[in-house]
Structures are given as structure tokens and as C-alpha cells.
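Biologist: Please take a close look at one helix and the nonpolar residues around it. Where does it sit, and what does it contribute?

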Amino acid sequence: MIVTRSALSNGAFTAVLTTMLVALGLVSFFTMPRSEDPVFELPNVIVVASYPGADPEALETQVIEPLEDAIRELDDLRTVESTVQDGLGVISIEFEYGIDADDAFDDVLQKVNREEPQLPEALRSLETVRVRLTDVPVLQLALFDEGGDDFRLVRITDELERTLEAVPGVKEFEVWGLPDPEVRVEVDPTRLEAHGVPIEAVLGALAGAGLELPGGDLDLGARRFNVRTSGDFESLDQIRRTVVVSGPAGPVRIRDLATVRRAFEDDEHRVRVDGESAVLLTITQREGTNLLDVADRARTALEEQAAAFPDGVRVETIFDQTVSVRTRVGGFIGSLLQGMVLVGLVMLVALGPRAALLVVVTIPLAILLALAAVDFTGFGLQQMSIVGLIIALGLLVDDAIVVVENITVKRREGATAADAALRGTEEVSWPSVAGTVTTVLAFLPMVQMPTGTGDYIRSLPVTVIYALLASLLLSLTILPLLQLALRSRRGDVDDPGRPRRPRFFERFMMRAASGPYTRTLRWGLERPARVLAGATAVFLGAFALFPLVGVSLFPKAEKPQFLVDVTTPEGTSLAETERIVHTVDSILRADPEVVRTAANSGRDHPIVYYNVFPRRERSNVGQVFAEAASYEAQVGLIERLDPVFARIPGARITITEFENGPPVEAPVVFKVTGPDLDTLATLAARIEDVLRTTPGARGVDNPLSVRRAQLDLRLHREKAWALGLDPEKVDRTVRASLAGVPVSNWRGPDGEDHDVVVRLPFAGDKPGPEALGRIRLAANGGLIPLSQISALELTGGLPRIDHYDGERVATVTSNVRGNTNALEVTRLASERLEALEGAEEWPDGYRWFAGGTFEEQQEGFGALLVALIISIFGIFGILVLQFRSLVQPLVIFGAVPLSLIGAIGGLFLAGYTFSFTAFIGITSLVGIVINNSILLVEYANRSRREGMDREEALLRAGRARFAPIVLTTLTTIGGLLPLALSGSDLWSPLAVVIIGGLTTSTVLTLVVVPVLYRTLTREAAVA
């Protein structure tokens, strides 16, 4: 082969080039981004509409439906889902995987901006957000102030923001649980009435006085100057002096009508860490940066800043992503090193120190070359890419073993070192290339899987492919060069070759091949029907175990952290929600297995895991982030706490454990669609009842199970019109009085702009029922009370309205107990729902379907099955080209079902389900076992071309390839053994599948494939 000849004839250049590539690999290893899980782009966009005071029905018709109609005009949409609650609407848009996520975001933003002018003016905000998995903070901190001085905390957090956002690699520094400062103008209804001034006049005066408009420009000679107008308020006195109206008694100013003071926005998010009031700080990294380096630099900057904190102020770390990254990456690298040691020991025993050194040296070289390629193509160092290296570890030495073994054979036959290096490598080069190509083809379709699961695992097949190609290149270039160099140092390059005594392992393999194996193979060739019938029976027996093995998608993440979600009925005050959150937090902190808690009221805890996204701010939601002493302790802890939380009245409390894989709504999800909300609520209640009585289900959540209560302000329109009041003006006045309206900006001494908000004063900063009685409206030159033209009415309704692809939908979700299979829970519940649907009349126009893990499994396994089919036919096509036959590729593929025997049996014995990673193991097996078959068939064909008959050629091929096949199997098993023994629910099944499949396929392939060859091929010599 020209590659080998060039490498041997240009040895110095080959060595320099290889050294350069290895150096690049070393640089990549130390500098490439590290993370616990893969970082990939989600083609997801979220649109958030804030419309305080609007009920779900009004928000649905006025805001969400127009936006949905515009968004659904876009191409490549997968789903459009919406959730509408009091004052808040969220649209989640998911595009098909494979499209450009930036383009998808731009398209949605364009549609939203086009619709915004047609939406209600009272809409407070309309935000379009790109969903990014890199938004998980590298550090989460808790800032405590024993004095409770929020203004001091604002100054400190502002200083921290300036310092930390200047740290290289830091993308954003955010503060949670600390309201923004504002200037509050609290108008006194009594003084308003005394001066005859409506609240709208106050709003107009402040808005006009604080409006900054460009004044134009003036030319003065050769210079042009911009003219700046008055602009924002620069002091509180300036606000107090603002004239509202002028009359005979003189001007009426803000200070005559209101109290002006510095305050904070309404407290909508409250945080307690380990029971103590705190403020949360999060630091996120820029894409493409090294998480460990960014965290170390940020931590150093924070420590320097914290040294200057005032007395009573301290900061503590509550979440450090580097801990889990170092643990996970370090654990996998440890498995990789252990595998390398085991492979090296196998090589040492089998080949002796010199040959073992030659083979083992290719492992780190191939890994470093692969890392350089992984880094160059934008994949970081995380569990997927490292497991890719572990899978490739045993395969890396396959080509090297074959090359070294064949060179050794040539030397044993008397060839010189140079001739043995060249001819020994060239003789096996094409089989090695074919074997590598077939294995690459087994992994290549996985790279192109257009699903979330495909994005999640993509770095694994990419890494395996890079490692295999690097191994092949090294085996055909550096390996014969090193073999020749070692012989040169012994001075026997031109020695015709003295026969050397085979080593112990070689003698053992030779005796096994020529003795028991040859007798077994000869017996099988004489009785092909019995052999094939026996293999078929064993194969069918293994498949009979499959239902007992079971199927799953991705297991839990095995992290000693979990979330406790608290959801009180719609309309619950923040104080009541906080009371229940505090109860949950107290129960957690009292448990000795809980190390730390962070309790959030009014919103969820900031994101701590890449596929669990927090809910938006709502007075009726809360969440406690808890850290357990260990994952093993956490399993029992959750089982203990679940019934305790179920007994707490006034809230739905569910525990969420982190799971591997792409984001899913929940492990178990059922949706029912239809037009009428009350009917949807009834059907959702049926599904909830089914789930609650399904074995394995835990924490069933049905948002429509509780009706919301609200006060409707019924306006007597005829009275209002008679007094010159239009409904919009009344609504604006009520809103300004109760919620407050930002009318201008005040530039504080810190240089930051703060809202100037006009509202009524309330005891405890929250309006009570008496607030409505204090509202006065300007009507026909005077002021009248709001009660004169309106009345309050207590009404009820559904707490939220959800949409799924334009249809109204009700969603019921559930977690699962312990290691219960979510797919099994979904299957059992689906069967019961089908029976229920058949026994009872299901309304026309309504349908239910399963989502969550089940939906992801259908899509993920379907995509992987397509990838497997493409792999098989691609490999088959390559083999047809190589052997110029349709029959011989069929013979080679006979090893595939033999490997499934051990794969299924291994999962059954180890107690693992057939998960997504086990499916990856099956795909990996296809390429690995086919390589062994290629070695047998290729050697048999060569012997037949030399004139041997079919049976003798098969016996010779079996004896010649017995040792390489057994050796490559042992090295692959050795490389994967640490991963199989790690006990990881995610990765151990993959290793078990490959080890079990290789074990049975190796034993059976050495007999069954030759028998298939004899049965399917003709006696005539191969051309």
C-alpha cells in the first residue's frame, strides 16, 4: 500500500508529522471545553407575554392566539405549545432538529415584532428568548446580609457584576431574589380629592416632565452641536417640584399630592438558603470556553471582592458545576486509563514486551489524534466524547494487533525486518481498511440522527470514528516504522531471520487452534445442519428473554441533587406560597441525609441542570433545590419524603430527579385535546385518577384539578358613559392605583436609571380590599368614587389554558418511583385509558396521547433504528464491492445475530433494561463482529486462490485467524470492563451489551461463519 511504502521510505518526515499531530492532541486535551453533559443547540424559542391583570381567557384571545397564528406560518415547525395563566402567557416553539437554531430564533422574532403593534397597549412586556443549554451557571452563590439592608446589597451586587463580567469567559452575572430599586410616588387619595386632581393628571405630568426628546442640532461656524432637552429626572426633589396643574391658588405640585421616596419593586421572588434569607447570584460562561478555567477565574475574583465586604455580609457557594464535571470527567478518564492498563496487560501476556509496546503505544497516540479532531470540530470533553474513547479503546488495537502479528509471522518465516515490515503490513492493509470502514459505517448514521437524542449523543459516534481512523492511520504508518526501528537497534534489519521459539501465549493459541478448535470446526463442517439449527435455537432462546429485560430510554442522572416543586392554587398570595415552601424546606432540613437547601418562593430556583428549565415568576409557585449526602441516600430519602409532602394541604408538591438525555416535559405525560375547557378538565381528571393508581407513578400533577377564584370588577357602562368615562380610562386608573405604573426614569447616584412608579400607598406594600374604595375618577369636572360606577363579583374558572399546535389541551404529568421504568408506567396507564375509553363514552372531537419519555423513545429509537438499517446496508454494500459477491457478505453478516445472543443475555444477567445506550452498544457490535468475520472469509478466499479446496481453506483460515480474533476480543473486553463494572445506569448497559455480544459472537463465529461459508458458497475456486 502506498501509505505504508511512503511512511517507511520517509521515516523522519513521518515521525515529525506524527509528533506534530500528537502535540496538537495534547494542547486540545488541556484547553478544550469541559462539561458534564454534551452542549448542543436546541432549535427551541420561547415567547413570554406579560399582561398583569388579564385573565387567561382574555390573554388567550387578545395575545396568544394572534401570536400563535403568525408563528405557525413558519416552516420546519415541530410543535407550538402555549400556557396561559393570569397575566402571563408563554409560547414554546420547537423546530425540527437539524435546522439552524439562530435562523429559527430570527424568524420567530420577526413574526413577534410584526404582530406586536396589533396587541393591547396594556401589555407590559413581550419577550422572545432563545433556549440555550449553556445557560446552566458554572457557579451559584448565596449572598447573606445579617442587617437586612437591601440598598447595601444592591451596591454590593452592582460591584460584583462589574467585577465578574470583566472576567474572561464569563457571559453573564445575574442576581435573584433582590428587587430592583425604584422611585415610588405614593399619591394620597385624600389630597387628590382636596385639590380636585385625578390620578391620571399625576401620570401625565410626570411622564411629560421626564420625557427625553432629541432637541435637534445647531451650526455654530465650522462646528455642529446637538441640543439636549431636560430628559430624565436627576433628583427626588426635582420629581417633588413637578407641577401637575396650575390654578387660581397657584401651581399644584407632586409634593402637594404624594410622598416621593426610594423603594424597591414589589417583592416577587424570595429566597432562603438553609433557612436564612439570602440573595442568589449566578455566573454563566460563554460558549466555547473551558468551564473549569472560567469557574476558577470567577472564584478568584469573587474571593478578592468578598474580602472587602462590610461586616455582616458574606457569600457562600451553593452550586458548583465544576464539582460534578471534575467527578464525571475524572471518573470516565479513570475508566479509560484502567482500560488502557488492562489492554496493555493482555498485550504483554499475548505478544511479549516488544510487540506489546508496539501495539500499546498506538493507543495514546490514537486517542490524542482523536482529541485534536474532536476539538477542531467543536465537540468538548464530556461524558459522551470520553465514552466514545472508551468504546474505541478495544478497537484501537485491532488493526495494530493484526499488523504486528502478521509482521511477526513474516519474520518467523525468514523475511528480513524491512521486508517483514512492508509485506506484513501490506498483506493485511486492505482487510484492515475494510474492517475500519465497516465499523465507521456502523457509527456514521448516528452522527446524522435528526432528533434531540441524536444531538445529545452526537459527540460519541464522532469520537469513535476519529479514533478508529487515527488507529488505522497509525497502524499502516507509525507501527511498521517503529517495528523496523526496534529491529534496527538490534542490528538485524538485514538478518534473514532466525526462527525464534514462540512465547507461551503463542504456543497456547497455536495448540488451541490446531487441537480442540480444529477438531470442533471439522466436526461442524461435517454437520452443517446441526450447527446452524443449534445456533438458531440459541438465538431464539435469547430473544425469548427480551420481554424480561424490558425497554427504557435514558435513566436518571445519578446526581445527589433534586428539586421539590410547590404549586398552590391560582391566585394564592406570595405570603401563603412562601409559608408552604417554608414548611417543605423545614422538613428537608430536618432530614440528616440533606446537606443543603435553597428555598424559592414566587419562582423556581435558577437552572441547575441542562434539561430542566425553571418556571416564570408567579405568586403561586415555589421550588426547593436540595442536595443529598449521596445519590444512594437520595433514593431512599425521596421515597420517605413523597408521602410526607402529599399530606401537606393547600398545594401540589412534586419531587423532580434529574435525568439524562434531551429535555422532556416529564417522565410520564398524557395530553388530551379538544375545544371546551370544562370538558378538558373532566377528561384530565379521569387521566389523573388512572395515573394515581398506576404502579410506579409518583407525584401526579394535573394543573386543571383546582379551580381559580378571582374578583371581577363589573363596570356599569351606561353610568360611566353618562359621566364621560370610557372603560379604557377606568381600567388605566384602576391599574395605576393598584399595580402602579412606571411613568419616567430617575438617574440615581450610581448612574443607573430607575423607574418612577405612581401608585397608591398600601400597608405592607400590597393592596387590600379597601384599596378599591380609595380610587377616584375624574368625571364631568369632578371626582367620583370607583364604586359609583362598578361592583365587585367573585367568580371562578380554570387556572390556565394550554394549547398544543393550535388546539386547546390539558396535560397530566407524573414522575416515577425509584428506578421504575417510565415507559412501563406509560404503557400500563395507556392500556387502562384504552379500556376506560372503550367502556365509557368518550366525547367526539377529543383525543388523548402519550408524550414525555414515551414520545422521545418513539422518536429516538425510531431514528436509531433507521441509523442501524443504513449502517447494515452501507456495510453490506462495502462488502459486496470488496468480495465481488452477494453470498459472502451474507456469510459475514451471520455473526451479527450471534452477537445479539450475548447482548440480550448480558443485560438479563446484569439486571439492566434495553436502554438507548444499550441500543448504541448493539450498533457498535455490528461493526466489531463483522470485522472478525471479514478476517476469516478473506483468509479462506486467499487460501482457495492458492488452490486449496473449500474445507481445507476454512480450516486453515480458522487456525490462522484464531489468535487475532481471540486477542482483539480480549482487548475490547478489557477496554470496556471498567465501564461495565462502574455501576452506571447510563453507560454500564452499553459496555455489558458489547462484552456479552463479543463473547458469544467470538465463540460461535469461529464455527458458525465457516459453516455458513461452506453451506452458501460453491466448491469452485474463488476468483
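Modeller: V341 is found in helix α11. Helices here are DSSP runs of H or I, at least four residues, numbered from the N terminus. The model is predicted: local features need pLDDT of at least 70, side-chain atom pairs count only at pLDDT 80 or more, and totals for chains, interfaces and linings use all residues. Residues are numbered from 1 along each chain as its sequence is written, and side-chain values use heavy atoms, without hydrogens or water.

Helix α11 gives the most to the patch, four residues. Both α11 and α31 (950-981) supply at least two each.

The largest nonpolar core has 197 residues. Such a core joins buried Ala, Val, Leu, Ile, Met, Phe, Trp, Tyr and Cys through side-chain atoms within 4.5 Å; buried means under 20% relative accessible area. L164, V273, I283, I391, F916, I930 and W987 touch the most other members. Helix α11 (residues 321-376) provides the largest share of this core, 22 residues. Another core lies apart from it, with 51 residues, including I93, L126, L683 and W848.

Across the chain, buried residues make up 55% of the 1023 residues.

Key
Buried means under 20% relative accessible area, exposed over 50%, partly exposed in between (1.4 Å probe, protein chains only).
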